[in-house]
Amino acid sequence: MTPAWLDRAEYPFESHRLDVGAGRLHYVDEGSGAPILMVHGTPTWSFLYRHLIKALRGRYRCVVPDHLGFGLSDRPTRFSYRPHDQARNLARLVDTLGLKDFTLVVHDFGGPIGLSYAIEHPERVSRLVLFNTWMWSLEDDRRLRLIGRMLGGRLGRVLYERLGFSVRVMLRHAIADRSRYTPAVERQYLRPLDGHTTWIYARELLGSSDWYDALWRRRERLAAIPALLAWGMKDPAFAGFLPRWRGVFDLAQVIELPDCGHAPPEERAPELLPFLVQFLEA
């Protein structure tokens, strides 16, 4: 059932669901042609990629899931919501749909979640598109370590679960250009928000460090995949991660977005589309 709060003009997509054991995973599957898998982070959901889906579904098959606990997916009480378990759900979706030779698009926590599949199955991923993400332990980043410890503790839990902190403060602060991030758009992130799930993600910023590092140690498995790095340079958290990613890939196209914050698909989709289409068709 479509929730009453959902803006169908912004998100005019048919819903699909897959039982992944712990609950039903909601996903968009629009268009036909070469597949593109888009993976969101926190506190967003497939709504983040709506502009790209609308623009690309005429020539590509756009598969865009909501992780459990996000968007239109189930919120099972006994699921861990840890990134490595969300990665297993994503792998189940990819295998169920039989996706091969697909472009993988990732953002935020969608980086480690989605790239874990590419590391395990590089032969099935033809291209990578990275928006402001990471895939290594943040324990050595003093600023992010302090933020992770504060938000992953008791205070953070209250802020996330009772006050919608992840959208009302964290996402709002991370968006540099709010001319497109209107109050109506923000409501589409607030209405399906599960504060407990997003707090777990805040906790796992540091809590899953061993898993992130295990992925990073295998980064050479990504090196030969053509990559597009589209980076918001006003991201208060991840702007400085771009040089590290440049060193991963043998062939990478880099787009620096000087007036964009943490969420390029939300802030700069029209400007990105020509570069993205050229990359997909190269």
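This is a predicted model: local features need pLDDT of at least 70, side-chain atom pairs count only at pLDDT 80 or more; totals for chains, interfaces and linings use all residues.
Figure 1. Five bridges hold β1 and β2 together, and the two strands run antiparallel. Follow the chain from β1 to β2 and you trace a hairpin with four residues between the strands. G21 sits in that turn and has a positive phi of about 100°.

Figure 2. To find your way, look for D29, which stands opposite V63 in β4. Is β2 open or enclosed? Six of the seven residues of β2 (residues 24-30) are buried, so the strand is largely enclosed by the rest of the structure.

**Figure 3. The whole sheet comes into view.** Eight strands form an open sheet with mixed pairing, in the order β1-β2-β4-β3-β5-β6-β7-β8. At its edges are β1 (15-19) and β8 (252-257), each of which pairs on one side only. From one strand to the next, the twist averages 20°.

Figure 4. A handy landmark is L229, found opposite V254 in β8.

Figure 5. Which strands does helix α3 lie across? They are β3 (34-39), β5 (102-108) and β6 (125-133). Helix α3 itself spans residues 110-120 and runs at about 155° to β5.

**Figure 6. M38 and the largest nonpolar core.** In soluble globular proteins, nonpolar side chains tend to be buried together. The largest nonpolar core of this model has 100 residues, and the members that touch the most others are M38, L56, L104, L128 and W245. Take M38 as your guide: leaving aside residues up to four places away in sequence, M38 touches Y49, L52, I53, L56, C62, V63, V64, P65 and V105.

Figure 7. How many disulfides does the model have? The count comes to zero. C62 is in no disulfide, and the nearest cysteine sulfur, that of C260, is 20 Å away. Seen from the other end, the sulfur of C260 has C62 as its closest cysteine partner, but at 20 Å the two are too far apart for a bond. C62 counts as buried because its relative accessibility is 0%. C260 is buried as well, with a relative accessible area of 0%.

**Figure 8. A loop glycine, G41.** Look for G41 in the loop between β3 and α1. Is G41 buried or exposed? G41 is buried, because its relative accessible area is 0%. Beyond residues up to four places away in sequence, G41 touches F70, H107, D108, F109 and G110. For a sense of scale, the C-alpha atoms of G41 and G148 are separated by 16 Å, while the two residues are 107 residues apart along the chain.

**Figure 9. Helix α7 and its glutamine.** Q188 belongs to helix α7 (residues 183-190). With a relative accessibility of 6%, Q188 counts as buried, because the cut-off for buried is under 20%. A polar atom of the Q188 side chain lies 3.1 Å from the backbone nitrogen of D7. Setting aside residues up to four places away in sequence, Q188 touches W5, L6, D7, W45 and F47. Now step back to the helix: the buried residues of α7 are V185, E186, Q188, Y189 and L190. What covers these buried residues? The cover includes α1 (50-56), α6 (165-174) and α11 (264-267).

Figure 10. I200 counts as buried, because its relative accessibility is 4%. Which residues does I200 touch, not counting residues up to four places away in sequence? They are S80 and Y81. Although I200 and Y81 are 119 residues apart along the chain, their C-alpha atoms are separated by 6.9 Å.

Notes:
Residues are numbered from 1 along each chain as its sequence is written. Side-chain values use heavy atoms; hydrogens and water are left out. A nonpolar core is a set of buried Ala, Val, Leu, Ile, Met, Phe, Trp, Tyr and Cys residues joined through side-chain atoms within 4.5 Å. Buried means under 20% relative accessible area, exposed over 50%, partly exposed in between (1.4 Å probe, protein chains only). Contact means heavy atoms within 4.5 Å. Two strands pair if DSSP finds at least two bridges between them. Axes are lines fitted to C-alpha atoms, for helices over the stretch in contact, and angles run from 0 to 180 degrees between N-to-C directions. A disulfide is a pair of cysteine sulfur atoms within 2.5 Å. A polar contact is a pair of N or O atoms within 3.5 Å; within protein, one must be able to donate a hydrogen and the other to accept it, and residues adjacent in sequence count only if both atoms are side-chain atoms.
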